[in-house]
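Dear colleague,

I am passing on the structure below, and I would be glad if you could look over the notes on its chain contacts that follow.

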Amino acid sequence: MQLYYHDKLFDGTHKDKTNATSAATANPTKLAPGSQFGMLVVFNDPITRDDKYHSPHIANAQGFYFYDRKDTYSAWFAFTLVFNSSEHRGTSNIMGADLMPEKTRDLSVVGGTGDFFMARGIASLQTDTFQGQYYFRLKMDIKLYERC
Amino acid sequence: MQLYYHDKLFDGTHKDKTNATSAATANPTKLAPGSQFGMLVVFNDPITRDDKYHSPHIANAQGFYFYDRKDTYSAWFAFTLVFNSSEHRGTSNIMGADLMPEKTRDLSVVGGTGDFFMARGIASLQTDTFQGQYYFRLKMDIKLYERC
Amino acid sequence: MQLYYHDKLFDGTHKDKTNATSAATANPTKLAPGSQFGMLVVFNDPITRDDKYHSPHIANAQGFYFYDRKDTYSAWFAFTLVFNSSEHRGTSNIMGADLMPEKTRDLSVVGGTGDFFMARGIASLQTDTFQGQYYFRLKMDIKLYERC
């Protein structure tokens with residue numbers, strides 16, 4: 001299942017309140033502010049089938065990420081894909097390191113509910129694009145290997 | 001296994017320090033303060049067999065939740081049920097979205113230790129009651145489907 | 001697989017920026033500052049085969065922990081072991097309560113990628129040493145029980 005994940009980080013301005021789908025709830029620490037070490041972002045981000053932000057949202061990703069490297073950008077994610085469409089209903093729970101310097105990064109699908117009842121697998125992420133500090137898009141390939 | 005989870009959020013007053021079992025470690029962001037988007041709460045909450053706060057604590061839930069929707073309350077949880085009674089010893093690790101607008105919300109039990117060694121399953125939550133901003137109680141139904 | 005995990009928490013001084021591998025991104029709450037309730041630490045900590053900090057790093061642990069008890073120290077962890085050596089490549093995703101008053105604490109290995117593809121198991125932690133507020137070392141014994 002190939003998906004696109006769009007993160008529009010709140011830039012703090014009044015007019016961005018409508019569009020933004022994520023916000024930093026803890027600021028970068030003083031350890032390594034250049035790579036935003038420690039910055040913690042809570043999100044409720046739209047998921048689309050193709051790479052268009054304005055395509056129908058087939059799911060939402062609800063969760064958080066934070067940056068955790070001193071010398072370069074790298075992040076750690078935990079989130080739930082919440083499907084609520086005619087095609088799928090249910091959730092898929094995902095966690096792992098988003099090792100941003102690598103082209104493809106594998107996270108673990110650790111459980112699911114509804115149509116994804118108990119399903120485990122791998123979520124492979126690629127950075128599809130980013131625009132400045134406040135928007136990035138990931139290509140996410142979900143492979144489920146096991147159900148019971 | 002049916003349990004009740006009690007969250008008594010610290011209201012900031014000196015006299016609440018004895019009773020409170022959770023506290024906000026990050027405040028709501030400016031993105032959507034009305035639904036407390038981004039507020040992050042760390043908890044060590046008591047678990048009881050029935051819905052009485054003063055019943056024996058058969059376990060504790062240690063973990064965190066945060067609010068992650070702009071238009072209404074909705075949360076995301078990760079926590080460990082820590083059992084330490086004559087009946088059960090061990091832990092059960094749980095994560096997932098608490099989609100508060102829905103009557104019943106399913107989270108994933110992703111692993112366990114001790115009596116719950118390697119057990120996976122589903123934790124179904126229902127809001128049993130809430131009192132203002134500082135207390136809520138969840139009915140939690142744990143179903144374990146797999147051990148090894 | 002026996003490993004050692006080293007956490008060198010940033011003490012806030014300029015000269016510690018080189019050595020520190022973790023930093024508090026949220027401070028302890030006022031609920032119980034004595035046991036650092038609510039303090040949230042993001043880390044990218046080295047993993048060694050033996051207990052020497054300057055031994056080769058066979059992996060990194062990227063993730064977070066926070067303190068969550070009022071009366072004593074106790075913590076909750078979620079992290080990814082990132083292996084990138086001649087011996088192992090891949091990740092192992094771990095979460096659970098670090099019940100610090102107990103000698104041995106078991107967390108869940110909930111998934112993995114690469115050499116640890118889909119592997120689940122138990123990560124047993126022991127405090128090996130600590131030095132003041134800014135360094136501790138855990139002995140970590142990883143047992144994987146299941147692959148597919």
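In this predicted model, the contact between chain C and chain B, where contact means heavy atoms within 4.5 Å, takes 31 residues from chain C and 36 residues from chain B. The area buried between these two chains is about 2300 Å², with carbon and sulfur atoms giving 63% of it; buried area is here the accessible area (1.4 Å probe) that two parts lose on being put together, summed over both. On the side of chain C, the residues that lose the most area to chain B are C:Leu31, C:Met95 and C:Arg120, which together make up 23% of what that side buries.

As to conventions, residues are numbered from 1 along each chain as its sequence is written, and chains are lettered from A in the order in which they are written. Local features need pLDDT of at least 70 and side-chain atom pairs count only at pLDDT 80 or more, while totals for chains, interfaces and linings use all residues, and side-chain values use heavy atoms, with hydrogens and water left out.

Across the interface of chain C and chain B the rule finds 1 salt bridge, that is, a side-chain nitrogen of Lys or Arg within 4 Å of a carboxyl oxygen of Asp or Glu; it joins the side chains of C:Glu102 and B:Arg89 (3.9 Å, N to O). There are also 16 residue pairs in polar contact between chain C and chain B (both at pLDDT 80 or more), a polar contact being a pair of N or O atoms within 3.5 Å, of which, within protein, one must be able to donate a hydrogen and the other to accept it, and residues adjacent in sequence count only if both atoms are side-chain atoms.

Turning to chain A and chain B, their contact takes 36 residues from chain A and 31 residues from chain B, and about 2300 Å² is buried between them. In the salt bridge here, the side chains of B:Glu102 and A:Arg89 meet (3.9 Å, N to O).

With best regards
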